[in-house]
Amino acid sequence: MNDLALKELLYKMADDLLILGHRNSEWTGMGPLLEEDIAFSSMAQDKVGQSLALYTMLHQLGEQTPDTVAFTRNANQFHNCVLVELPNQEYDFSLVRHFLFDTADSLRWNILTKSSYEPLAQLAGKIKGELRYHTLHANTWVKQLGSATEESISRLQKSINIVMPYALGIFEESPYETHIIDKGIFEGEKVLMEKWQAKVTEVISQTQLHLPDWKILTPVLGGRKGKHSEHLQPMLEEMSEVFRIDPTAEW
Amino acid sequence: MNSLDPRVIRLPKTGEPGIIQPKVPLDQFGSFEVFVQPKEGKSFQHEGVVHSPNLELAYILAKETFTRRFTCVSLYVVETRNVFASPLTDGNNNVYDLIVDPPPSNKKEPYEIYHLPKRGKQHIHVGQVEAGSPEEAMSFARKKFNTKIIYNVWAVKSADIRFTSIEENDFWITLPEKHFRDAADYKGGDKLKLFLEKQK
């Protein structure tokens, strides 16, 4: 087994989940409805939990402890896509990002239930209920607000237009793509993107929203190789503030 | 009621015999009643209320509002106005003695029946009857479930409920591991003790 290829896959998944989990947790106490605040915060917590499971897997493959990799790396050592690090704007932005990312994430884990790498297949089976809830939540809100009022439709549409090039960056290919596919670890980003486009189209077609033409969009790439927006480093500094003051702190 | 205790002041008034009416919705976004099954084999019980624009979103919002801690195996929601409530008794008489028989109906549908076994507690699901109206459902429930003194009965048409589907049963698989959501998991007392000892 080429460890580098597997680790690259685990790192990018873990980093996506940690960074988006943190971004979504920034809504805690500020959500648009009390109940939605709780739901969005819970899902953010699920994401951080899933990232912990992946960092633990990496630790078993010889990487440093989960806390060390989560809190001591610099932005250029993170493999998350740029989409997840973008600062929160209005709630429609976070909701659209949640819909586009979680649709991809849940399809990715669904493929991984058949992974030849057993720990990954097991984790995929374990968290499938969390993912089912996350996508049900996202799809229901998008369907509701995407056909409700002029304001809700135009807000979601504006966010879709802004977020979509970044969402395509989820599928930035790894240098080990062929190896990962040949070894049966994962079907690869291309297959995932096709499934994702079909699912996103299916949900959006039940609303008054429309999708931009995939072909003319330029994906925002680079995140998987450590090339990030100016927003990641300040977020990491905030996220790791307590750890840097006292690495033994518990709460 | 002469009391300064807000929990007592807020208790609903006891009812009149024969009156069955829809539960009054709260004056907000639209309210939905949430029922939770805490363990396999245990009855569903009324857990509280969420606000939502529709039934499906009510289900989604109820899931995290009421089942993000402790144990849960299933959940369902129903719009508040679709919950029919019997009169409430003071405990000296049985609510089923206040239920009057309506004229028989033709078209029967399943209704879920809930009992309030104690004032101030939660309504608990006791079973299902086939009836043509909430009034008839309660009248049939009297024949089927009338075994001890009950304070209040609810009847809900099964078709009005957003149930958890079989595939959705996996929503709560990882819940028992989420101890970090319980305040007790922070062990605040232990940490404080340790801190105070260090200060000596």
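How many residues does the contact take from chain B and from chain A? I found 18 residues from chain B and 18 residues from chain A.

Before going on, I noted the ground rules. This is a predicted model, where local features need pLDDT of at least 70, side-chain atom pairs count only at pLDDT 80 or more, and totals for chains, interfaces and linings use all residues. Residues are numbered from 1 along each chain as its sequence is written, while chains are lettered from A and ligands numbered from 1 in the order in which they are written.

**Entry: the contact, seen from chain B**

I asked which elements give two or more residues to the side of chain B that touches chain A. They are strand 3 (45-51) and helix 2 (55-67) of chain B. Helices (H or I, at least four residues) and strands (E, at least two) are DSSP runs, numbered from the N terminus. Helix 2 of chain B gives the most to this side, with seven residues. I then sorted the residues on the side of chain B that touches chain A: nine are nonpolar, three polar and six charged. In this sorting, Ala, Val, Leu, Ile, Met, Phe, Trp, Tyr, Cys and Pro count as nonpolar, Asp, Glu, Lys and Arg as charged, and the others, Gly among them, as polar.

**Entry: chain B as a whole**

I counted four helices and eight strands in chain B. Along the sequence I read the pattern α-β-β-β-α-β-β-β-β-α-β-α. The C-alpha trace of chain B spans about 75 × 50 × 35 Å along its principal axes. Of the 200 residues of chain B, 34% count as buried. A residue is buried if 20 or more other C-beta atoms lie within 10 Å of its own, exposed if 12 or fewer, and partly exposed in between. For contacts in chain B with a separation of 6 or more, I noted that 64% come from residues 24 or more positions apart.

**Entry: strand 6 of chain B**

Is strand 6 (residues 109-116) of chain B mostly covered or mostly uncovered? It is mostly covered, with six of its eight residues buried. I looked up its partners next; two strands pair if DSSP finds at least two bridges between them. Seven bridges join strand 6 of chain B to strand 7 (residues 124-131) of chain B, and the two run antiparallel. There, Ile113(B) stands opposite Gly127(B). Strand 6 of chain B also runs antiparallel to strand 8 (residues 152-157) of chain B, joined by six bridges. Here Tyr111(B) stands opposite Lys157(B).

**Entry: two loop residues of chain B**

I checked phi in two loops. Phe70(B) has phi near 60°, a positive value in a residue other than glycine. Phe70(B) lies in the loop between helix 2 and strand 4 (74-79) of chain B. Lys187(B) has phi near 45°, again positive in a residue other than glycine. Lys187(B) lies in the loop between strand 8 and helix 4 (188-199) of chain B. Lys187(B) counts as partly exposed because it has 13 C-beta neighbours inside 10 Å.

**Entry: helices of chain A**

I turned to helix 10 (residues 189-204) of chain A. Its 16 residues should span 22 Å at 1.5 Å a residue, and its end C-alpha atoms are 22 Å apart, which agrees. The expected span is 1.5 Å times one less than the number of residues. Which residues of helix 10 of chain A are buried? They are Glu189(A), Trp196(A) and Val200(A). What covers the buried residues of helix 10 of chain A includes helix 5 (91-112) and helix 9 (177-182) of chain A. Helix 5 of chain A is largely enclosed by the rest of the structure, because 19 of its 22 residues are buried.

Methods
Two residues are in contact if their C-beta atoms, placed from the backbone, lie within 7 Å.
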